[in-house]
Amino acid sequence: MSEVDRLERVTMLSSALLDGTLHADEHIELNALLKGDPLACERYLDVADLHLGLDAEFGGAAGSVTGESMLPFPSNEVRGGRTRSLPIPWLVLVAACLALGGALILLRTPQDASAPLAPTRDLSNPGGIAVLSRAVDPVWAEGGLHPAEGDALGADVLVLDSGLVQIEFFGGAIVIVQGPACFELTSPTEMIGSEGRFRTFVPELARGFTIVTPDYHAVDLGTEFALAVGSDGKSEVHVIEGEVRLDRPDGQTFETLLAGHGLQADAGRFDKREGGGTDFVNREQILELSQVDSRARFREWQASRDALAADPSTLVLFDFEGQKPWDRQLENRGRDDMPAGAVIGAQWSQGRWPGKSALEFKRISDRVRLAVEGEFETLTLAAWIRVEGLDQWLSSILLTDGFEPGEVHWQLSDQGEMVLGISGASPLNTTSSVVIGPQDLGRWIHLVTTIDRTTATVIHYRDGQEVGKQVVTGMGPLRFGAAELGNWQAKGSAHPLRSLNGRVDEFMILDRVLSPTEVAELHRAGANR
Amino acid sequence: MERDSETFVQLLTGAQQNVHAFIFSLCHDSASAKDILQETNLTLWRKAEDFTEGTNFVAWACRVAYFHVLNHRRRQSREQLVFDEEVLDYLAERQEMRLESGDHRLEALQRCLTKLPEAQRELLERRYAAGASVQTMAVAAGKSEGALSQALFRIRTTLQQCIEKQMGTEAAR
């Protein structure tokens, strides 16, 4: 291409860019034409200047900037033709945010090593407003504070370029902040949000927690809301659960929002957002946030699992983690002398939270084979399970092949009860109250049964709570031998079809009885909020 | 310099057109340019004390604005970005110099517009005075976007050549 043709092409592409008709592949072409070519760059700037000139000449919207309207000093700031009055502290925070957000380094000239707007201070000796309880890939603005997980926070301005942090206010509220964000903690019960996405959990105790935005104070009257403030000052609030009151800066209440309702605010103009607010803090965003929360839960669960794996009484521990989709051998993280399981038919699937693996038992042939040799006086069986349907008279969680004396059968009845059977002269069955109702299908629940031959006691737990306790006399030593998770080798017994319809993402057998406290703790550590 | 001093207010007010042109040429979007200008103004005002009287205000303001442009870029998706940082950097440098030199493009443009055929003037009027997007104009005129974009491109080329001639004569005077 000749120089003239090149420049003409630059003019054409630049012109299209300003008209909003440039295609994505032409973006690349224009950039390539400008790169390293001063004349082409000059031409682009000519076209851009011409565009602005024409706009100014014809009195359009793009070109004219009448000085006054864009300036910060009068407290009356005109934006889009509407006059708004910003509270002064908010304006100062905006300025601080902007300076920290980018220009601070530039502004620190050699002769003027000007102090950062938010002076760095000793984080170990806080003013005491909140604590940074979690952080996921946080990038803090240069020149500002760089708190780490576990640091206490005082009355600080924080500028988060990207990433997520969770702040637990001493007043009880928990706020997950998603960057880019700029906010100021003002008291244990209040913060100012200048920019960013804030998801707030407010327990009963912390009712009244407030986020101050340019247009209103959002006061939580209980549980959960999401609030987004853009760099342009626009904001949206959406109540996820409970109730939020919106007050004007002068303290006058002008709106109370209930769950599923929201409001968009732009320079004093308000628009209701109904219909569950799906168009507000979008679902992806919420999901992203909950995943992050899950990641933290996941770490907590891992710590609990590691402790169990190290416990010599843990015979079998299937955590279903770290396995390839094609793996058919199920790693046993329990005692070293206990063999791994064998996956037959069951497919890998998602567990309690994104990133947690599970096995799905769907077809009547799906199962995991395992073998636990030995005789036991005490046992604990525990599983995280998501039942999709109680299709059979009995659905297997763990059943030994056949039902020889002393063997343990752990299953669910079609009524949704946990049933523990111990084979003896006559079978000893203990049944819990109903633990799986129709509303529980498709939900992850934690089931535990403890068997103590020495005290002749069987206790059932669901989600950490006792749901049945029975005295069972006449138990022999407890045994498993060859057994199956999610299915049964009937060996000629009645009701051979006991396949499970659902998923399991954690299963364990311990040769001791977990105390009610331990069961509750086990549930807590693995629960997906 | 005192941020509340009259001189600073005057400097800031007087620089608006130039700073806006600087920002617009880098972000090529009217709405974003105004947002960035507003942000830049706040920073300039907040950091007024860093400005030394007698030095070039536009140059200082452009440097502040550039950081806001970069900041704005970080929030955009990849598809929205046209220039890479190398090109952007060069454009910023060049545009700052052009603005500092204070050339008289606007006067030249005014003279050139008077020479434009009526039909072309009307097209510009619809595009700029009415603020119609090319898409809307195309629908209204029953033409394709491409055809309309092409027509605008031709008018801009004509005007650009005229402006260069005008400025050339000016320089030669």
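**View 1. Chain A in outline.** Chain A holds seven helices and 29 strands (DSSP runs numbered from the N terminus, helices being H or I with at least four residues and strands E with at least two). This is a predicted model, in which local features need pLDDT of at least 70 and side-chain atom pairs count only at pLDDT 80 or more, while totals for chains, interfaces and linings use all residues. Residues are numbered from 1 along each chain as its sequence is written, and chains are lettered from A in the order in which they are written. Of the 529 residues here, 56% are buried (under 20% relative accessible area, with a 1.4 Å probe and protein chains only).

**View 2. Around A:Leu485.** Look for A:Leu485 in strand β28 (residues 478-485) of chain A. With a relative accessible area of 1%, A:Leu485 is buried. Its contacts (heavy atoms within 4.5 Å), leaving aside neighbours within four places in sequence, include A:Phe318, A:Phe361, A:Ile397 and A:Phe507.

**View 3. Two helices of chain B.** Helices α3 (residues 57-74) and α4 (residues 85-101) of chain B pack at about 155°, their axes 11 Å apart (lines fitted to C-alpha atoms over the stretch in contact, with angles from 0 to 180 degrees between N-to-C directions). α3(B) and α4(B) are therefore roughly antiparallel (over 145 degrees). Among the residues making the contact are B:Tyr66 and B:Leu70 of α3(B), and B:Leu88 and B:Ala92 of α4(B).

Definitions and conventions
Side-chain values use heavy atoms; hydrogens and water are left out. Angles under 35 degrees count as roughly parallel, over 145 as roughly antiparallel, 65 to 115 as roughly perpendicular and the rest as oblique. Buried means under 20% relative accessible area, exposed over 50%, partly exposed in between (1.4 Å probe, protein chains only).
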